[in-house]
Amino acid sequence: MAAKVIHFGVDDCYRINVLRRAGYDITQCSNLVQFRAALDSDADADVVMVTDGDGLMSLQAISMAHARCSAPIIVFPNPGRAYRVEGIDLMVPLFTPPEEWLLDLANLIVRNRVIRAYSRLLQRQSSQAGAESGAHCRQARNEWDRSISLRKAKPPVYPRREPKHN
């Protein structure tokens, strides 16, 4: 399955072509409206990339990606800007050879897929434990109700038997 990449920004270094040749499925967004729509419609994206060529919208795009998507975020920064690195999973400096950042990208995607799979497993186990707990609670409640009704009921009257004489 080809990894899904949502890319925001101007592709001034032809990274989109490099990604496509490497087999990635790319959704390219040139404005925040397209980017928001892509994030909302492609919840299973493997990675979000932000290219900060002109520096105008990239910080908004990074914030939007965090708010709408759990995929790792890769930034191709503008060399003239400073960035807060928390929340950015990979920062690729200008003039980094594609073979380097493609390897980092592949490793990031594999790690993220493992984390997602483990998260889904934990969610299934949690749901199963919740269902079992609910069944035990219902059973305990039924037993409690039964014991209450038995205490309220009159004790059974048994006929008295006379001892047999031999």
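Start with the sheet: select the five strands, which form an open sheet in the order β2-β1-β3-β4-β5 with parallel pairing. Strands count as paired if DSSP finds at least two bridges between them; helices (H or I, at least four residues) and strands (E, at least two) are DSSP runs numbered from the N terminus. This is a predicted model, in which local features need pLDDT of at least 70 and side-chain atom pairs count only at pLDDT 80 or more, while totals for chains, interfaces and linings use all residues. Residues are numbered from 1 along each chain as its sequence is written, and side-chain values use heavy atoms, with hydrogens and water left out.

Next, select β1 (residues 4-8) and β3 (residues 47-51). These two strands run parallel and are joined by four bridges. Within β1, pick His7, which stands opposite Met49 in β3. His7 is buried, with a relative accessible area of 0% (buried means under 20% relative accessible area, exposed over 50%, partly exposed in between, with a 1.4 Å probe and protein chains only). Not counting residues up to four places away in sequence, His7 touches Ile16, Ile26, Thr27, Gln28, Cys29, Met49 and Thr51, where contact means heavy atoms within 4.5 Å.

Move on to Asp52, in the loop between β3 and α3 (58-68). Asp52 is buried, at 2% relative accessible area. Residues up to four places away in sequence aside, Asp52 touches Ser58, Phe76, Pro77, Asn78, Arg81 and Tyr83.

Then select Val92, in the loop between β5 and α4. Val92 is buried too, with a relative accessible area of 4%. Apart from neighbours within four places in sequence, Val92 is in contact with Ile74, Val75, Phe76, Pro77 and Trp101.

Finish with helix α4 (residues 98-152). Helix α4 lies across β3, β4 (73-76) and β5, running at about 145° to β3; axes are lines fitted to C-alpha atoms, for helices over the stretch in contact, and angles run from 0 to 180 degrees between N-to-C directions. The last stop in α4 is Tyr118.
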